[in-house]
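Trainee: I'm new to this one. Please put it on screen and walk me through the terms.

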Amino acid sequence: MDEIAVLIGGKAGEGINIAGSVVMRLIAGCGLRAAMYYDYQSLIKGGHNFAVIRGAAEQPYCHREGLDLVLALDQETVRRHHGRLRAGGQVIYDTGRVQEGEGTGIPLDEIVKDEGAPAVTRNMGLIGGFCKACAIPWETVEAVLSRAVPKAVEANLRVAGRGYEAAEMVRPLPARAAGIRVLPAISGNEAIALGLVEAGLEGYIAYPMTPSSGILHFLAARQEEFRTSVVHPENEIGVMLMALGAAYAGRRVAVGTSGGGFCLMTEGFSLAGMAELPVLIVLAQRPGPSTGVPTYSGQGDLLFALSAGQGEFPRPVVAPGTLEEAWYWAGALLDLAWRFQTPAVLLTDKNLGEGMYTFHGAPERPPLPSVRWDGDGGYRRYAPGPDGVSPLASPGTAGAVVKVNSYAHDERGITTEDRATVARMAEKRNEKEKAMAEVLRSYPSVMTAGDPAAGTVLLCWGSTAGVCTEAAKDLGLRVVRPVVLSPFPVEQFSAAIGGAEQVVAVEENLDGHLARLVRAEGYRVNAVIGKYDGRPFFLEDLERQLKGVGA
Amino acid sequence: MTWITDAQNTWCPGCGNFTVQHALKDVFAGLVADEGRRPEEFVLVTGIGCHAKIADYLAVNSFYAIHGRTLPVATGITLANPDLTVVACAGDGDAYAEGLGHLVFAAKRNTDITAVVHDNRVYGLTTGQYTPTSYTGFRGRSTPKGAKERPFNPVELALASGATFVARAYTRRLDHLREVLRRAVLHRGFSFVEVLQICATYNNLTASYHDQAYELDGHDTADLTAALERAREWDYSDGAPIALGVFYEVEREREAWPPMGRLPDHRRREVIRGVLEERR
Ligand code: SF4
């Protein structure tokens, strides 16, 4: 497809993330569909940060090795990335920091000084150069920049204008389809936050941890607007237990973390299972074990999410692959958690959460109200109900004594070790899991792409959806992607995988977590292609590896 | 209104937990009778240990939580519904070992919770090990040669952490305990009540408490320095006088976090549309 790929790089602290998102919005503002990958290290100053933005008339969901423009704030950016330029591509660089440059040099220090603008606006000079290189009309630049960087608009525009003057046209943006709508550009974390708010989130509780913090920051900044309380407590143990207290008292709450934080939360996660309390955990993966590689991405926590907590209890686990799915499932999981009174996990990763994409809108969720107590008779928190679901009442309700319990308990919520009751309550929880699987049959629990008749199937989950979809299109393959991973969507999955001759799992881990799960469900997986260096698959890279396994 | 459930009580005869249960029941009943509170407003949160069975025995809303985690649960409940009256009962293992960080932070935030620590200075339900407040030399099943550590002083700790109501009571003084608990529940902000509780089976300190305990009199509860001084009189190991009563009580900002809620459906959709519009 006709596309453009732009990389902007520099040191941490030079505003690369903001610059990248501005380029992203400029491309989107021209009516194209775009995706941004942001690569940064776990440090605050120095090092090497870069963002890659890919734009086309059709939505891109992954990245390629090839680039058309490299915007370099330092020599390191040129050194690392100029070899990726495709024919006709060019480097636009800062003449002050790049000694060995080829392409268009822009004297950012001088411009900033001339314009009396703060040093952080240097990246705007490069962005101006980029706009000229792609023949973006100045009016569009003005309009997008004013919206995207509302602070010090004047200074930013003056610096961008100077970059615009200094550069020359390299290649125009790909043609947009006639009448196409300009779409908003948001990150995966923002999509999750908005999906939660739309579904009636009342509290978000989190301890900062990359790559989930974007949700915390976004919701905290807008809590008055959304009227959702955002709480940052002493640690993840506190996060989880506060969320359970709030859920008990009748609020729809979610928490967010990454693997290390989820380790601490598992105690409360298991409590939620026994006490039958709803809570949604957004688990944004990064490479582990332990602290791992904090600002990079991975898919190594699937089996952990599926089995976290001691004992047996139902927990929906869902891994969206796109912004639209992230938005949709954030809300759908809130509904499911409250309907079935159980914890739920939205499994994302850094590439999806911190990546930015043009957003096409999420589908409507089917209604799934929670089961409320009708006020009749003495209230028993764990009374038998439809599908093992007991009617809910919150403390404060007239005539109800609401008792929840981490111990095995009777219908009133009072501790028991009576063998029949212990067994009956375990069966009650299991019944909820079965009912949940039944309900999920009418949800988009398994997604497919590519050629439905192809014998070779790429099996994937989460954010590798994008690269697999594009590879399948290029190579004539089929993609099968369970979005719901627990309870495993047996029927939808069987239908999607039917007739497969060769199944290749593509995952950002070493072990093949999904492959293991699928094999345990009784299906064949022939090969696993893993990536576990924290970086996403490039399309070319995946296609080479697929050919390597004979796909 | 019956305040006691029909759950079979399994505390040992002579256990101080009975006293705490009666005192709390009387406080709740009293607040219903003369403060117009509804029984449904009370929520009891407990940890794990002998103390925690009170959740089964009192016929009020309860969250029988896990070891060490009463205070974050209580905080969540208060944030979710500030109209509820939340009492968190914890053991000394709960509050001072597993949950110490939560205690310090709950005090720091001054959330409107009453924390009642049943401090029997021994692990009862796990059959007699030392706790953070056991005296030096305590011989428990995990320290057969005697605990070498010094106990810490929870009253001092609560004062240092910013609790706005700090008191100590004793299970062999029911009237005084009841009075202290009532004041604690009525206090707006984080109330901390350290209850010296007799464990009849593993750590019966009745004799020494009988000799050492006295009730504060003429003490200025607004004076933090005086409160700390009184708190330090007894270090939980020696034979010094043990002050009972309210050490400290002040009013301070308490809404650390905004209460939970959401916009009505139609407004929510509008606001979200607006956010997306900004990102075009
Ligand atoms: S072991 Fe001690 S604290 Fe526990 S019930 Fe018996 S007397 Fe009470």
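Trainee: Which residues meet where α7(A) packs on α10(B)?

Mentor: On the α7(A) side they are A:L194, A:V197 and A:E198, and on the α10(B) side B:R268, B:R269, B:I272, B:V275 and B:L276. Meeting here means contact, that is, heavy atoms within 4.5 Å. Keep in mind that this is a predicted model, where local features need pLDDT of at least 70 and side-chain atom pairs count only at pLDDT 80 or more, while totals for chains, interfaces and linings use all residues. Residues are numbered from 1 along each chain as written, chains are lettered from A and ligands numbered from 1 in the order written, and side-chain values use heavy atoms, without hydrogens and water.

Trainee: Why is α7(A) called roughly antiparallel to α10(B)?

Mentor: The two pack at an angle of about 165 degrees, with their axes 10 Å apart. The axes are lines fitted to C-alpha atoms, for helices over the stretch in contact, and angles run from 0 to 180 degrees between N-to-C directions. Under 35 degrees counts as roughly parallel, over 145 as roughly antiparallel, 65 to 115 as roughly perpendicular, and the rest as oblique. The angle of α7(A) and α10(B) therefore makes them roughly antiparallel.

Trainee: How is the contact of α7(A) with α10(B) split by class?

Mentor: Five residues are nonpolar, none polar and three charged. For the classes, Ala, Val, Leu, Ile, Met, Phe, Trp, Tyr, Cys and Pro are nonpolar, Asp, Glu, Lys and Arg are charged, and the others, Gly among them, are polar.

Trainee: What handedness does the crossing of α7(A) and α10(B) have?

Mentor: That one is left-handed. The term applies if the near helix is turned anticlockwise from the far one by less than a right angle, and clockwise gives right-handed. The crossing of α7(A) and α8(A) is right-handed.

Trainee: Which angle do α7(A) and α13(A) make?

Mentor: They cross at roughly 35 degrees, with axes that come within 7 Å, and the crossing is right-handed. Contact residues include A:A191 and A:G195 of α7(A) and A:W327 and A:A330 of α13(A).

Trainee: How do you know that B:E278 forms a salt bridge with A:R222?

Mentor: The rule wants a side-chain nitrogen of Lys or Arg within 4 Å of a carboxyl oxygen of Asp or Glu. B:E278 and A:R222 have their closest N and O atoms 2.9 Å apart, and they count as a salt bridge. One within chain A joins A:E411 and A:R380 (2.4 Å, N to O). That pair links distant parts of the chain, 31 residues apart.

Trainee: How much area is buried between chain B and chain A?

Mentor: About 4800 Å², of which carbon and sulfur atoms give 58%. Buried area is the accessible area (1.4 Å probe) that two parts lose on being put together, summed over both. In chain B, B:M260, B:R279 and B:R280 lose the most, together 17% of what that side buries. In terms of contacts, 50 residues of chain B touch 67 of chain A.

Trainee: What makes the backbone stand out at A:P211, A:P289 and A:D387?

Mentor: Most residues other than glycine have a negative phi, and most peptide bonds are trans. A:T210 and A:P211 are joined by a cis bond, omega about 5 degrees, and A:G288 and A:P289 by another, omega about -5 degrees. A:D387 is not a glycine, yet its phi is positive, about 60 degrees. A:D387 lies in the loop between β14 and β15 of chain A.

Key: Helices (H or I, at least four residues) and strands (E, at least two) are DSSP runs, numbered from the N terminus.
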